[in-house]
Amino acid sequence: MDKPRYPVRIASDAEQLVDTAYGIVQAALSAKHADAPFSIVLSGGATPEPVFKKLAQDRSIDWQNVHFFWGDERSVGPEDEQSNFRMANEALLRNIDVPEANVHRIQAEQPPEEAADQYEEEIRRTLELDAGESPRFDLVLLGMGEDGHTASLFPGTQALDEQERLVVANDVPQLDTTRVTLTYPALNAARQVMFIVSGSDKSHALQQVLYGPEHEMPPAGWVQPTNGSIIWLIDEDAVPKKATATSE
Ligand code: 6PG
């Protein structure tokens, strides 16, 4: 396969990756109607943190109608240094004027199944979904691990097979933990998905996602919006070595 399976934008370095990611988020927010709600799903991990900090500095953004969700959460409380919420709160949320009611944290300090049920109910209530209706998140930010996981959809875990629920508690034996994660039905109904991937340690998994045979594709490769757009924003270090993706 010569062409990448999905649209790819290559940033020359980690700094340009942050600037480009910020620009795409800012553009999506600016395109929304002033009084229309906008739902954004934040990713965890380390890569998005500088993007969140840059967004927090942009005083032109009106956050009043923006609703924040998360793609997944570790089984920790909101103050724990492992918490995806904590990272986003410190980098972005506590530095902007967003209504507290618009911040839909995964209450992962609860037992995972309870946290998953509560979060699914909150998504359905906030987005006013009918029974069985999937959420049309306006923008979903995702990262990818070296093993090709995204959110907490890890290789070989049960959540990969979930076709009904939007949120599940997913046992991740390779981390000896259970995490709360959005499922493919929740992710693939989005209007816009942006992966932000940095570093040479991700290039093998990216090769599998962008160029590999389907039977070898890791979980991140199965994020395929059914009626939305997807962009893989990567830096030069993450470019699959065998592929010759076009540079930006
Ligand atoms: C998490 C994230 C996870 C993350 C990848 C990449 O909870 O860790 O949801 O899916 O996006 O592991 O993480 P880095 O950006 O730290 O490489």
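Which residue in S9 is the bridge partner of Ala 11? The partner is Asp 235.

## Basis of the model

This is a predicted model: local features need pLDDT of at least 70, side-chain atom pairs count only at pLDDT 80 or more, and totals for chains, interfaces and linings use all residues. Residues are numbered from 1 along each chain as its sequence is written, and side-chain values use heavy atoms, with hydrogens and water left out.

## The sheet

Six strands form an open sheet with parallel pairing, in the order S1-S9-S8-S5-S2-S3. Strands (E, at least two residues) and helices (H or I, at least four) are DSSP runs, numbered from the N terminus. Two strands pair if DSSP finds at least two bridges between them. S1 (8-11) and S3 (66-70) are the edge strands, each pairing on one side only. From one strand to the next, the twist averages 20°.

S1 and S9 (residues 229-235) pair in the parallel sense over four bridges. Helix H1 (residues 14-31) packs on the sheet. H1 touches S1, S2, S3, S5, S8 and S9, with contact meaning heavy atoms within 4.5 Å. The direction of H1 makes about 165° with that of S8. Axes are lines fitted to C-alpha atoms, for helices over the stretch in contact, and angles run from 0 to 180 degrees between N-to-C directions.

## The ligand site

The ligand is surrounded by 15 residues, each with a heavy atom within 4 Å of it. Among the closest are Asp 72, Arg 74 and Lys 202.

Polar contacts are pairs of N or O atoms within 3.5 Å. The side chain of Thr 47 places an N or O atom 2.6 Å from a ligand oxygen. For Ala 151, a backbone N or O atom lies 2.7 Å from an oxygen of the ligand.

Note on methods
Polar contact = N/O pair within 3.5 Å; in protein donor to acceptor, adjacent residues only side chain to side chain.
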